[in-house]
Structures are given as structure tokens and as C-alpha cells.
Amino acid sequence: MREPRASTDACHELSSRDGASTFRCPAASKALGRGLREALAAWILAGPSVFFLLMLYCLPVIGVFVIAFTNWQFGAATLSFVGLANFREVIADEDFRSSLRNTAIYLLIVVPGTVSLGLLIALLIEGGKSCRSFYRAIHFLPFMATMSAMAIAWEALLHPTIGLVNQTLSAIGMPAANWLRDEHTVLLALAAIGIWQNLGFAMVLFLAGLKSIPKDIYDAADVDGADLWLDRLRTVTLPMLGPVSMFVVIVVALRVFASFDTVKVLTQGGPGHASEMLLYTLYRESFEYLRAGYGAAIAVVFLAIVVTLTLVQAHLMDRKVHYQ
Amino acid sequence: MSTRALRACQLLSPAAVFRHTVLLATGALILVPFVWMVSLSIKPPGEIFRTSFSFWPVQFYGVENYTKAVTQAPLPRYLGNGVMICALILALQMLVCAPCAYALAKLRFAGRDTLFGLVLIGLLLPHQVLSLPLFILGYQIGILNTYAALVFPYVVSPFGIFLFRQFFKSMPDDVVHAARLDGLSETAIVWKIMVPTALPAVIAFAIFSIVSHWNDLFWPLIAVHDQSLMPPTLGIMVFKSEEAGTDYGPLMAAATLVVLPLIVAFLAAQRWFIEGLAEGAIK
């Protein structure tokens, strides 16, 4: 007796649930169906991207770490975990240290040079109404010109005997130099090329920054008696550009840090190791000497520096939003 | 005072004179490498090695130098490779990135935030760091030293997804709903509504993509060694080492021809270039 009752109860419950669902469910199941269809469509649309992001970004970045922490060599079938041995070798290597030092010196010349010249040119362009786009175009030109070809033009300019630079220097009675073959001048010459290439980029970023300064601040400064261009520059423009400048410094540093073409085409890291820089060392160790573990360890160091700079940049971008 | 006189006055005010003087001077300095390159490309060997400041040669040697540049080295081949690689990369990037960006911007699905996180990680990673595993991957699937090797690392662009997502997000949802009511499939919405409306973003991305890959030396150096596959950046380097710096004229002619296409495009569409490249470099 108990069982049937229980089953009738269950039946009753079921039917009442059924009733409720017939009352409410078409909309819900339709919504659920639409949700599922939407999710399915989304995954189909995003599928190729997901696959390639995993294959071409995630897998390789894991790969770099695996190679850096093991003794794997190109073509080897086996590998074993060696901990920090590759990093110890890298750090102990005098060549790597000089490469790191050169990169730092190069950055310390190129970044301030690029940013200050970029700022100066942006201020001058924004300071008047005429020929704006003409000046902007000229200064931006090197940023998009093919560097490996322009490096060849620079080599001709810096040629010890027939180069325009030395001809000019000797014409005005200054000592000439074999810029790219002298270990004391080679970094300086590459840095000059670096500034030439990137200052248009800094200029464009500053021009955007200048446009975002509200006009009424200038009016207020006028009322306060800051009517000279220099006064306005000191009291309004430069303070307002503060956050933008920090941002420009980081973005330019990130680009300059990844300099490769000029080193590869012009100096191959020479003379000696005088112009060896991080990315070139990474390339040479990985693909010319085929030292996979060593190259991967350099890549990890390179990545750590880039990620640090990028996180600082992201932080600054957040702050910039708060300022506005 | 007439407006012209007023304008002349403004032009001649000390501040304006200072502005134009400095900008013309820095502009001239910026142009020196370009001008010198073109100048050497039209000079005969004798004049190149005679020290002189003159831009225009006594004896015009441009025809000989440029002929040598396109016949002695496979320069037309390099340029053709460059065009093909850039076009292929851009087409694949559009095909892969636009649908994904639409899904991220307009569709609700489980894992959307994770996917966007994946895109942000991709944005953060410099491509050079990935070159070693990508080289191994290319080796494993047996495509090193082919056109495919030059293209495959760039099939998906995290920056492209990011940029299109921003743009698609700013479009009203009603547009999507209306299109669905009209019976358009999700794929059709991407290609017939989203992408055409986001044309400014598409152009900015196209310029960024083409300029970066036309100018890239790092990856082609790793991916190919056959001269017939080389893009211009790599080809001109090989040309330089073969000539060993003795035959400057043709070398400069070749360099000019490699730089020229982007410069011409830039001068034709300056504003687009500056926006696209600045955005791409900041990310």
C-alpha cells in the first residue's frame, strides 16, 4: 500500500512540477536555447583565434621557460631539469654582461634624447598654426622607413673617408672618427640612429598629449598674468604633460630595448663586443650558435624586463585616466 | 590691415621665425639619410669615392645603378615576396581576428573573460621571446624555409583582436539585434555589418600590420635561408654583404627601392599612418 501511494505522491509531484513547467518553461527553455546557441556561435567564431593563441603564444612562452630550465639542445631526444644552471651560466658570462651593459648605455642615451627632442618638436609644431602636418610628416618619416635599408644609408653617411659626417667634421676642423669600427664611438653612432628613428614617435605621442590639455587652463593662466609663451609653458604645459611624459618614456624605452636591425646590419655586435645588445645576443646564441638553453635563458631575462616595463606602463595609463 | 599683411606679420614675428627656423633645421637633419641615399644611388663610382657635398652628380648614373640593382640581385623577387607575405599575413589576421573580436564584444558565453585574458597575455609578449619555440614548431611541422614559415607566427594578432573588440563594443547592440531579426547569421553580422562599420579600425590595423611586417628583419632571418624566399629587409642585407660595400651605387638604389613603397603610401595617407602606427606601438 505504501509503495503505490508513494508513487502516486511522486506522480503528483511530478505532474505538478510538469504543470508548473508547462506554465513557465517555453520562455525559459527558449532563453536557455538562445544562450546555448549564442555560446556555440561565439566559440565557433573565436575558435581559430583560441587555437592560434594557444599554439603561437601560450605554448611557445611555456616552451621558452621549459628550455631555459633544462639542458635540452636542438635535435636532442631527451632533456633533464637543470634548475637555474642556464641562468647561472648566462650571468657569469662576460659577453652577456657586456651585452646587458651596452643595452643599458644605449637606452640611457636614446630614451632621454628621443623624448626631449620629441617634446621640443611637438611643442614647436603645436606653438603655431602654419605647416603643422608638413613638419609632423617629415619628423615621423624615419619611424616607418625600413630600418635594414636605412641602416645601409647610415653606413654610407658614417663611412670613415667618403661619409658625409666625417666630411662635414673635417670641413669645420673637427676630428673625424671611424664611427662604426671604433669601440669607443660605435654605441654613440647606433644611439644617434636610434634617436633619429624614434623621435617622430615620441613627437606624435606628445602632440596627442598637448591636444588633451583643456583650453580653459590656458585662459586661467592668462588671467593670472602668465601671458608669455615661456610662462605658459612653465606653469601649464609642462606640468600638464607630466603623466604623458612618463608614459612616453616607457613606451619609447620598450621600443628602443628591442633594437636589433641596426646592430645586425651595421656592426654584428662588434668591434669586439662593443655594440652587442640584448636582442642581438639572444638571436646569435639561439640561432647562430644553436645554444638553445642559453638562448632561452636570455629570452626569459628579456621577457622579465619587458613585462616589468609594460606593467609600469599599464599602471601609468590607469593613473592618466584618473587625472582626466 | 589686410588679412594677408596680418598673416605676413604673424609669420615674421620673432616666435614664428624661431619656430620655423628650428623645425626646418631638425627636419633637414632628419631627411639627410634619405637624401644622401638617393644622391649616392644616382652617382657613378668615381664620384661616390670623390669627397663632395653635392647632391646632384656631374655625370648622371641613375639608370645604370638602378638597372644593376634590379638585375644583379633578385630585387624584384624580394619586393614581390614582401608584398605577398604582407598581404597573406593581413588577410589571415583579418579572417581570424575579426570574428573573435565580435564574439568578445557582443556575445555572452562561458569563458569569455578567460579568452580576453589570453588576448591580453598575447599583447604583453614580445614576439622575439617566442622565436626559439616558434622555430622549433616550424621545424616540427616541416615548414621552415618556405613562405609558410614567414607567415605562420603572425596568423593571429592579439593587437588586432583587442583593437577590433574596442571598436565593435562601441557599436549599439540594436544593430546586432536588427540584423538577427533580418535573418543574418552571426558570421554574416561580422563581415557584412561589423567590419564595414569599423573601417577606420580596419585601416589603422592594416597599416600597422603591413608596415611592421614589411620592415621586419628578425623573424625572416630565422625562418628562411633561400634567396628566392627572402623579403626585402633580408634580401638587401644579403645584397650588401655580397657587394661588400664596394659598389655603393646599386646598393643605394636597392635600398631606395625597398624604402620607397612605404614612404609613398605614407605621404599619400599621412594621418592614417600616424594614427595606425602610434596606436599599434602603444597597444
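I count two residues as in contact if their C-beta atoms, placed from the backbone, lie within 7 Å. I work on a predicted model, where local features need pLDDT of at least 70, side-chain atom pairs count only at pLDDT 80 or more, and totals for chains, interfaces and linings use all residues. Residues are numbered from 1 along each chain as its sequence is written, and chains are lettered from A and ligands numbered from 1 in the order in which they are written.

**Two helices of chain B.** I took helices as DSSP runs (H or I, at least four residues), numbered from the N terminus. In chain B, Ala98(B), Pro99(B) and Tyr102(B) of helix 5 meet Thr187(B), Val190(B), Met194(B) and Val195(B) of helix 11.

I looked up the angle next. Helix 5 (residues 75-106) and helix 11 (residues 186-197) of chain B pack at about 95°, with axes 10 Å apart. Axes are lines fitted to C-alpha atoms over the stretch in contact, and angles run from 0 to 180 degrees between N-to-C directions. The two helices of chain B are therefore roughly perpendicular (65 to 115 degrees).

**Domains of chain B.** I noted domain 1 (3-64) and domain 2 (71-282) in chain B, with bounds from an automatic or database domain assignment. Nine residues of domain 1 of chain B contact six residues of domain 2 of chain B.

**Between chains.** I saw that chain A and chain B each give 76 residues to the contact.

Terms used. Angles under 35 degrees count as roughly parallel, over 145 as roughly antiparallel, 65 to 115 as roughly perpendicular and the rest as oblique.
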